[in-house]
Amino acid sequence: MSNQNITIGLNTPEFSGNTPYGNTSYLRDLADLGGVLQNIGVNTEQPSGGFFGDILGGLRDIGSAVSPAIPAIAGSLLTSEAYDRLSDVGRQAEASAMGLAERGLAESQFKPFTVTSTTGSQLGTRVTPSGAVETTMGLSPQEQAMQQQLLGGAGDFFGQAQMPTVAREQAIFDRMRAAQRPEEERQRLALEERLAGQGRLGVSSAAYGGATPEQLAMATAQEEGRNRAMLGAMQQAQAEQAQQAGLGQQFLGAGYVPQAQLLAATQPAQRLAELQQQAQLYGTGLFGETAMSGIESRLLAEQARANLLGGVGSNILAGMFTPQVNQRTGDVTSAGGLGDLGGLFGGVSEGLGTIIRGIGGIFD
Amino acid sequence: MAQELRSINLVAPAFKGINTEDSPLAQDPSFAETADNAVIDKRGRIAARKGHEVTTTNKTALGTAALRAIKTFRDDAGNTKVFSAGNNKIFSGTTTLVDETPAGYTITADNWKMVNFNDRIYMFQRGYEPLVYDNTSADVEAMSDHTHSTGVASTMYGNEVLAAYGRLWTADFTNNKSTIYWSDLLNGIHWSGGTSGSIDISKVWPNGYDEIVALAAHNNLLIIFGQHSIVVYEGATSPASMTLSDTVAGVGCVDRDTVQYTGTDVIFLSQTGLRSFGRTIQEKSMPISSLSKTITKDIISLLQNEAAFYRSVYSPEENFYLLSFVGQETTYCFDVRGTLEDGSYRVTRWPGSLFTAYETRRDGKLFIGTTDGISEYKGYSDNGVKYRFKYFSPSLTFGDPSRLKILKKIKPTLVGANSATVFMKFAYDFGTSFSTTEFTVGNQQPAFYNVNEFGANSVPLSEFTGGELTNQRSLNAVGNGTSVVVGLESDINGFALSLQEINLLALIGKTL
């Protein structure tokens with residue numbers, strides 16, 4: 001079959017962008033995630049220590065307010081906050097991972113495509129509601145007509161090949177005998193004339209089947225000719241039968257050529273579809289990995305913040321029960337303990353307000 | 001003035017045999033107008049034939065019928081047996097005829113032909129199942145009764161049978177006159193299978209139609225005699241492949257029993273006389289080949305009147321071929337030692353012969369079948385009955401048929417004829433009233449004296465005589481005429497008679 005230029009069109013809207021992988025949702029999601037992460041790190045655009053400065057400032061305020069009793073309270077609160085925050089970060093990471101998995105699953109699904117050859121035949125694929133992949137092939141009207149003709153011919157040839165050969169043998173034998181008979185008659189007449197000339201027309205010899213040696217030889221030769229014709233007719237009929245079967249086989253094979261050519265024509269498209277699928281899978285995997293990296297980074301950050309909060313709280317609590325030594329003067333200030341709780345709440349509330357605002361900025 | 005007697009000497013009169021075809025006046029005096037019961041003897045003279053002596057002493061089974069076939073069976077072991085047929089029976093033996101007819105085998109005709117072939121003797125007759133005899137079974141039996149016979153059917157119950165080229169050949173069937181059957185090779189009782197076969201020559205007859213009468217084998221040829229034509233095949237040693245060699249139209253064979261082999265020729269009786277096949281084939285022309293030109297009309301007359309059957313025999317010892325018209329009791333004797341200028345055999349006639357069968361034996365004896373049984377051709381009487389020897393010259397004109405001849409003396413010279421009365425007859429001018437003068441030959445007995453002078457085994461003892469009587473007589477004759485016929489008659493009864501010469505003395509008279 002002659003090669004034809006086959007135009008392969010893929011209905012992959014995702015590939016219709018200017019970039020090979022442009023406008024894919026997961027890329028957008030990656031961007032979004034990057035934004036989030038950037039948001040997470042936005043505060044890093046602030047002068048280093050601003051965020052923590054607020055918190056520390058607040059704490060310092062609180063500490064100043066509640067100092068020396070307040071630090072114990074603040075330390076306890078921060079530790080509790082770190083503990084709670086670690087639990088929230090785990091749940092959010094799980095939810096994000098599940099969402100990412102579902103999205104990856106959706107993105108890795110088979111994308112149906114259709115192949116149309118230059119002769120008009122088509123190969124279509126679709127995913128059924130049940131999830132199965134269904135393939136449909138359609139030939140052009142000319143090809144269908146040709147296919148029907150060839151398959152019909154194959155059926156006829158096979159039907160003829162299955163017919164008994166007796167009648168055909170007889171027909172061939174009759175034709176062969178019809179061709180032989182005139183010469184046999186001429187030979188018979190010639191022999192008859194020879195025998196008549198020799199006065200032997202009436203000879204009958206038991207040794208020669210009731211005839212003359214010449215007559216027996218001629219009869220034998222003619223019978224051999226008849227036998228050969230009979231065997232030849234049988235062989236010819238069988239050859240014709242085999243020929244019919246062969247023709248049927250050829251017609252049958254030719255009948256499927258349009259379909260085979262259609263399938264052959266889909267090979268490049270299938271390769272392209274595979275490439276698309278591979279790219280899709282690759283993108284999905286890349287998206288998943290990237291997303292998971294972000295999540296992990298966030299988890300690490302949150303874990304670090306929680307640890308930091310926990311460490312701050314612990315330090316506060318430790319300071320509250322530790323005497324203060326002025327290095328310059330060498331004065332020792334005794335630990336406040338729980339005696340200064342009177343001025344605690346004003347400074348604490350202000351300091352907490354500052355801390356909460358700083359933390360709230362993280363999740364905005 | 002008295003005239004001188006003219007002597008006309010008829011030396012060895014009739015040594016050319018009978019001639020009834022040429023004009024009497026123009027004939028050579030060596031011919032005879034009549035030569036009855038005569039043969040041409042060893043010296044070329046006309047002489048009385050031999051008679052027959054009956055060998056059979058007991059012919060009870062034969063009754064009053066005549067034997068119509070005689071054949072001697074002989075096989076390789078040297079066994080011999082003489083078979084004969086007559087009175088609707090098959091006989092064996094020569095002195096006593098023993099009925100050998102197979103039990104239950106009914107015969108109503110005696111026209112058998114018997115042939116020896118490969119240690120068996122076969123007997124064929126039209127419409128009858130062939131009979132066969134061999135020394136093993138020692139019985140004559142119908143062919144189909146033979147243990148190993150095959151293919152014996154009524155279609156091959158032929159009248160003619162020939163043993164030649166390693167087979168039996170048979171033809172002339174009741175309802176088929178153009179087919180010849182042949183047996184298997186060397187086996188005359190196998191008529192199917194092997195190399196047996198047949199040929200239908202109905203499309204071969206040169207005249208369109210004919211009927212097979214006889215078969216003969218000669219010069220590696222199979223000769224098929226029709227009634228009016230002859231067909232010759234060559235290569236009969238392989239019958240299936242034998243081919244037509246020649247056909248002769250207008251010459252046929254009258255009867256199968258007239259065919260005889262002389263060694264160089266096959267002699268047969270055609271519708272116009274005796275013919276030789278060899279010459280017929282050579283010349284391919286009917287008139288030239290006749291062996292009986294001197295008696296053609298006589299034979300044709302006999303043929304036309306023959307209602308019984310024919311018998312013939314060739315005897316090399318006697319140098320003759322005998323042809324008997326049995327129904328007319330006439331036998332012609334053809335001397336085969338030589339032919340005349342026209343190719344004919346010298347022929348004499350044996351009227352009143354009651355010979356009905358012949359058989360030439362290996363020892364040279366000639367068996368003759370008669371109502372008395374089996375006889376042997378010997379002696380000079382027919383079983384004790386005399387027969388008359390006759391000689392009549394053609395009309396003699398002495399070279400001048402216009403002048404009158406006056407016979408004065410007749411001087412015959414006879415050899416033998418002891419004590420026989422001889423009648424000399426003469427007539428003038430074609431007359432049938434003969435003047436007769438008779439004389440009796442003296443009875444001369446050899447003077448043997450029973451003395452063996454020249455040897456102990458000298459037989460016969462013939463010291464003083466030759467043992468053969470020669471008689472010369474001078475008889476007066478009367479009358480006159482322009483032509484003269486001279487005859488001699490004598491009854492043969494025990495002694496031979498040869499006519500050496502006849503000397504006529506006549507006066508030649510005026511011209512008439």
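Hi everyone, this short talk is about how chains A and B touch in this structure, and then how chain B is divided. Please keep in mind that we are looking at a predicted model.

Let's start with the contact between the chains. Chain A brings 14 residues to it, and chain B brings 20. Which strands of chain B each supply at least two residues of the side that touches chain A? They are strand S17, residues 197–200, strand S20, residues 229–234, and strand S21, residues 243–249. S17(B) gives the most to that side, with 4 residues. If you sort the residues on this side of chain B by class, you get 10 polar, 8 nonpolar and 2 charged.

Let's stay with S17(B) for a moment. On the chain A side, look for strand S4, residues 203–205: 3 bridges join S4 of chain A to S17(B), and the two strands run antiparallel. If you'd like one spot to look at, find Ser205(A), which stands opposite Gly197(B) in S17(B).

Now, on to chain B by itself. Domain 1 covers 6–50 + 389–511, while domain 2 covers 52–378. Taken over C-alpha atoms, the centres of these two domains of chain B are separated by 37 Å. Where they meet, 18 residues of domain 2 of chain B are in contact with 14 residues of domain 1. On the domain 1 side, the elements giving two or more residues are strand S2, 34–36, and strand S3, 38–40, of chain B. S3(B) gives the most there, with 3 residues. By class, that side of domain 1 has 5 charged, 5 nonpolar and 4 polar residues.

Key:
Residues numbered from 1 in each chain as written. Chains lettered and ligands numbered in written order. Predicted model: local features only at pLDDT ≥ 70, side-chain atom pairs only at ≥ 80, totals over all residues. Contact = placed C-beta atoms within 7 Å. Nonpolar A, V, L, I, M, F, W, Y, C, P; charged D, E, K, R; others polar. Pairing = 2+ DSSP bridges. Domains from an automatic or database assignment.
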